[in-house]
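Open the model in a viewer and keep the selection tool ready. The stops below go from one chain to the other.

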Amino acid sequence: MLRLSNLHKRFGQVVALGGLSLHIPAGCIFGLLGPNGAGKTTTISIAVGLLAPDSGEVDLGHGGTPERAEVRRRIGVAPQAIALYDDLTARENLDFFARLYGLSGPQRRERADALLARVGLSDRADHRVKGFSGGMKRRLNLAAALLHDPPIVLLDEPTAGVDPQSRNAILEMARSLRDEGRTVVYTTHYMEEAQRLCDRVAIIDRGRVLAEGTVEQLVGTLGGSSVVTIQTDEGDTRIETADPVGELGRRLAAPGVRGVRVERPDLEAVFLHLTGRSLRD
Amino acid sequence: MNAVLAIAIKDIRLLLRDRMGFFFSFFFPLLIAVFFGVVFRGGGGGGGAGSGIPVAVVDLDNTAESAAFAAKLIAASELEVTTGLSPTEAEEAVRIGRLRGSIVLLPGFGEARRRPFWGEPMSIELAVDPSRAALASMLEGVVTRHAFEGLSEMFADPAKMRGQVRESMDQMRRDGSLPRAMRPAFEMFFNALDSMLQTVQEDSAGEPGEAADPAQAAARAGGWQPVRVSTRAVSARPSGLPTNSFALTFPQGVIWGMMGCALGFAITLVMERTRGTLLRLRIAPLSRMQILAGKAVGCFMVTASVAATLMVIARVVFQVQPTSVIMLAAAIACSSACFVGIMMLLAAVSRTEAAGNGLGWGVLLLMAMIGGGMVPLEFMPGFIRTLSVVSPIRWSLLALEGGVFRGFSMAQMAAPCGVLLGIGGMSFAVGARLFRPD
């Protein structure tokens, strides 16, 4: 469980967070969806104690605040910037970070080997990171967050700038972390990632939570109508409807139908509805 | 502690893999030490044509003549004279490097000055560091020149002087402007002088085999040697073993190595911040001080190891025998601690790697310039020597030389080590306070 209450943070005149509150239940993938500059990374930074909020509280479970070292042991973070040493090998990087958490020699070797296998880098374990592709670095960056087996994992834009293969691997890994019972906080500005992966999503813009719920709830309540397009000899007919299945049933019975297309609303539509802007703006 | 060591070991590993950084931290200082050691080989590595050599003048004669001579030395532009010391204090000042030499006017100086043509000559004793042979020669030259002022070297060469007397007599005889009444008086004076010089010359030539040595001849001429300058070594080497130029250049090489290490670690700390790895360290269950301590321990280990390795090379390859390994170890440890503090301060004020490089070299080179890390301080003008007290390079060099050839005792080593630890501690405290991790 992770609770953020009424967080405020300013950088000079810029308001990064303006009273942001979230309750992230244990054992789910919780998406923080918002455009660049929405306050996602600031939220993560405050949650793990890298930044102090101007006001507000962070509770990492059992009243634990991130200022306490033993509480930070419960968190694993894959930062947006790749935080690895280029001149160390993949294994040396993991060994070093594991030492910081006090793992013994055999534990470090065991964890490093297991995680290298998990992110598909066993064959590159003894290669220096500076020779890795962006996707490989991202995967290793994620592995480094898991060395100490944390129950809460924060992934800050973990797929930024990676190839589709690495992206799929990272998404799959996030799911498996959830399946292991961990709480995964996943920030992204890719709507399709959040929709595909997250159990719950909070849409953030300008330092505030605009909406929060499951993808279905958000889309159902804020996404607007589905669009059913019926293709006939006379041309295409676009019908906005809240009941696309029923609409299809009625329209397909009519003669001359050559094809149909159904467009369901998505999180992009939810964001557009809430802000009047596209996520990619 | 395990995490602190982990950070230190990681940084050492990274430094060893950075070929350029390793070159400037180890091979470049070694090159400097070897190059200048070879250049100054045979010259003792010190001394030269500098001005304002810091010396003590000790007057044991306490006569008007000795006081006048001391005043002459004080006014000499080549010297920067300290007075009021006893011979022992002056010698000690030379031993610990505060002064480059002491000039002692021995008893009987004034009496000898009053009767320069016979009897014992004016006796002056120089006490100098034997490792600075060139400087010793220069000092001897300066003192001798001032002692001979008013006399002439021709007093040591009767034959040459007789020629000049005869020439003067011929000129006098040809000079029509000289009043006739004065001629007999001058004739009588020149004849008497020529006669005396002839006697001295014949006496000098009377002992075969020795006349070939002008110094011996002059000495045998008794009163014709008006001054005797003897040089005594104030050895900083209790063992008495000879030192060499590498004993001087390797401490300087060590200083350059330490500067390279300090700057290298300052840059790695800046890089941790700019490249995001510091963020991961901060998320880990470590305190801010543990992170900085890890950096400090790594920097200390590398700096001390580079210094120790250079001194081992100096010992094994270049026969530099430290006067005290313990004192040298103390000097290395204190210097390394000082450079750790400087590293921290540089890292704190550098926002980017480029800024760190530029600022770091600028600051370190300035400190080296005024601290004797580039040109020995005895070649520097007085105000630079005065200014040098603010440079840790000066104190580090003094401490290292104290262990290598000055033979510092524990009490003598305490001063430079105390200054180094003070500078290091303050720099680290200020740097740690200023360091912004984000």
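A surface patch here is built from residues with over 30% relative accessible area and no salt bridge, and nonpolar side chains are joined into one patch within 5 Å. The model is a predicted one.

**Chain B: the patch**

Select Met1(B), Leu5(B), Ile9(B), Phe300(B) and Met301(B). These residues make up a nonpolar patch on the surface, and their accessible area together is about 440 Å². Now colour helix H1 (2-17) and helix H12 (288-318) of chain B: each of the two supplies at least two residues of the nonpolar patch.

Stay on Ile9(B), which lies in helix H1 of chain B. The relative accessibility of Ile9(B) is 39%, so Ile9(B) counts as partly exposed; that class lies between the buried limit of 20% and the exposed limit of 50%.

**Chain A: strands**

Move to chain A and select strand S1 (residues 2-11) with strand S2 (residues 14-24). The two run antiparallel and are joined by eight bridges.

Next, go to the turn. S1(A) and S2(A) form a hairpin with two residues between them, and Gly12(A) in the turn has a positive phi of about 65°.

Select Ser5(A) here: its bridge partner in S4(A) is Glu57(A).

**Chain A: domains**

Finally, colour chain A by its domain assignment, with domain 1 at 2-219 and domain 2 at 225-264. The centres of domain 1 and domain 2 of chain A, taken over C-alpha atoms, are 42 Å apart.

Methods. Residues numbered from 1 in each chain as written. Chains lettered and ligands numbered in written order. Predicted model: local features only at pLDDT ≥ 70, side-chain atom pairs only at ≥ 80, totals over all residues. Heavy atoms only, no water. Patch = residues over 30% accessible without salt bridge, like charges linked within 9 Å, V, L, I, M, F, W, Y side chains within 5 Å. Areas by Shrake-Rupley, 256 points an atom, 1.4 Å probe, with all protein chains shown as cover. Salt bridge = Lys/Arg side-chain N within 4 Å of Asp/Glu carboxyl O. Helix = DSSP H or I, 4+ residues; strand = E, 2+ residues; numbered from the N terminus. Buried < 20%, exposed > 50% of the residue type's maximum accessible area, 1.4 Å probe, protein only. Pairing = 2+ DSSP bridges. Domains from an automatic or database assignment.
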